[in-house]
Amino acid sequence: MNRRTRTALAAVLLLGLTAGPLAATATAATGSASVPAAQRGPDAEALRAGIAGLPDQDATAALIRVGGDGRWTGTAGVRDLRTGAPALSDARFRAGSTTKVVTAALVLQLAAEGKVDLNAPVNTYLPGLVPASFTRPVTVRNLLNFTSGIQAGPSLGDTVADEYPHRFETLPYQDVVAGGLSRGQEFEPGTQQHYNNINYTILGMLIEKVTGDAYAHQAEVRIFRPVGMTGSSFPEPGDPRIHGPHNRGYQLIDGKPVDVTEWNMTDRFAAGDMISTTRDLERFLFALFRGQVVPEPQLKEMFTVPDVPGATRGAGLERLVVNGKEVWGKTGARPGYHTVIAATRDLSRTLVYSVNSTDAKGDGMKIVQRFGLAAFNR
């Protein structure tokens with residue numbers, strides 16, 4: 001598509017994405033595949049179909065990397081709706097809750113070093129944190145697999161539209177934790193599984209207490225540098241920017257795309273504030289599953305789902321069955337950005353994507369179905 005056509009499309013999108021699909025005039029998707037003849041590679045046709053027609057009502061850009069037995073990469077959409085410039089394939093983005101996999105890996109490294117006991121009460125490391133009103137101690141493992149019973153803390157709004165006017169404000173994560181704990185237990189620790197951010201924010205605090213170091217620095221020296229994640233970082237408290245090359249993120253508010261790229265993520269400490277790239281997350285995924293980040297037997301914690309009703313998550317990762325294949329992965333969503341990392345346990349198929357979704361915090365399964373499930377077709 002030439003610059004004039006892209007600019008015309010950007011103008012349509014800026015007026016509102018309510019008139020229906022725009023595939024007829026959207027930027028052309030690009031993909032590449034290099035598959036050894038002896039291997040059955042990913043379903044390139046289905047993957048290309050998923051990113052065809054961007055930008056449209058669902059997303060403004062998509063970056064996809066599929067690996068394992070065969071490889072496929074694709075980039076589609078625009079970097080910025082105002083200019084219509086093509087999306088950057090090496091863009092940095094808000095990786096959302098895939099941050100939790102990094103946090104889990106740090107805790108499990110500390111457990112392997114004998115510095116953290118997963119069966120120990122959290123108060124062993126953070127004295128007085130969990131109130132005595134809890135009917136039984138909350139252990140480190142309870143935090144890792146979301147069976148703590150700790151309720152979610154306060155936020156700056158219930159929806160992206162509610163939060164948007166407050167996007168530059170700072171909600172200290174310490175206040176989030178204190179507010180959640182003040183609400184009392186949701187259920188007796190170890191009896192149910194309920195996913196929320198507060199478990200991993202507390203784990204971030206635990207990492208800092210045990211190491212005497214900043215969480216972000218521990219992630220840098222223990223994971224980012226050894227794995228070669230050169231585009232990954234955590235924002236300084238209060239900094240709303242994505243530093244380095246990035247595609248802008250948009251959210252539909254009142255039917256119109258609103259730029260939500262700049263956003264203060266202080267309240268998502270250790271649970272959803274990482275900035276990364278698809279290359280970095282793919283490197284992390286391979287290194288993690290190969291035991292190069294967390295040693296056995298601690299790595300088993302990530303693939304161990306607690307024996308409680310309806311549980312699907314281990315330490316940081318969730319178990320899914322896709323087209324008959326057991327897949328372990330994690331989604332992440334922040335306004336304007338939807339991220340997935342996923343793989344079969346033997347790494348015969350891997351998927352990493354960043355989609356600039358126009359409703360990243362909404363129906364995540366819709367985005368997964370369009371951009372992700374085709375990676376596991378065969």
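Let's start with Arg136: this residue is partly exposed, with a relative accessible area of 38%. Keep in mind that we are looking at a predicted model. So what does the side chain of Arg136 meet in a salt bridge? The partner is Glu188, at 2.6 Å from N to O. Glu188 is also partly exposed, at 31% relative accessibility.

Where do these two sit? Arg136 is in the loop between H3 and H4. Glu188 is in the loop between helix H6 (173–182) and helix H7 (198–211). They are 52 residues apart, and the pair links distant parts of the chain.

Next pair. Arg222 and Glu113 meet through their side chains in a salt bridge, 2.8 Å from N to O. Arg222 belongs to helix H8 (residues 215–227). Glu113 belongs to the loop between helix H3 (99–112) and helix H4 (140–144). Here the separation is 109 residues, and again distant parts of the chain are linked.

Is Arg222 buried or exposed? Arg222 is buried, because its relative accessible area is 19% and the cut-off for buried is under 20%. Glu113 is partly exposed, at 42%.

Now the third pair. Asp58 forms a salt bridge with Lys366. Their closest N and O atoms are 3.0 Å apart.

Asp58 counts as buried, at 19%. Lys366 is partly exposed, at 42%.

Which residues are linked in the network of salt bridges? They are Asp56, Asp58, Lys366 and Arg370.

How many salt bridges does the count come to? The count is 19. I have shown you some of them.

Last stop, a hairpin. Strand E5 covers residues 250–253, and strand E6 covers residues 256–259. The two strands run antiparallel, and 4 bridges join them. Ile253 stands opposite Lys256 in E6. Between the strands of this hairpin there are 2 residues.

To recap the pairs. Arg136 goes with Glu188. Arg222 goes with Glu113. Asp58 goes with Lys366. Find each one in the structure above.

Methods. Residues numbered from 1 in each chain as written. Predicted model: local features only at pLDDT ≥ 70, side-chain atom pairs only at ≥ 80, totals over all residues. Heavy atoms only, no water. Pairing = 2+ DSSP bridges. Salt bridge = Lys/Arg side-chain N within 4 Å of Asp/Glu carboxyl O. Buried < 20%, exposed > 50% of the residue type's maximum accessible area, 1.4 Å probe, protein only.
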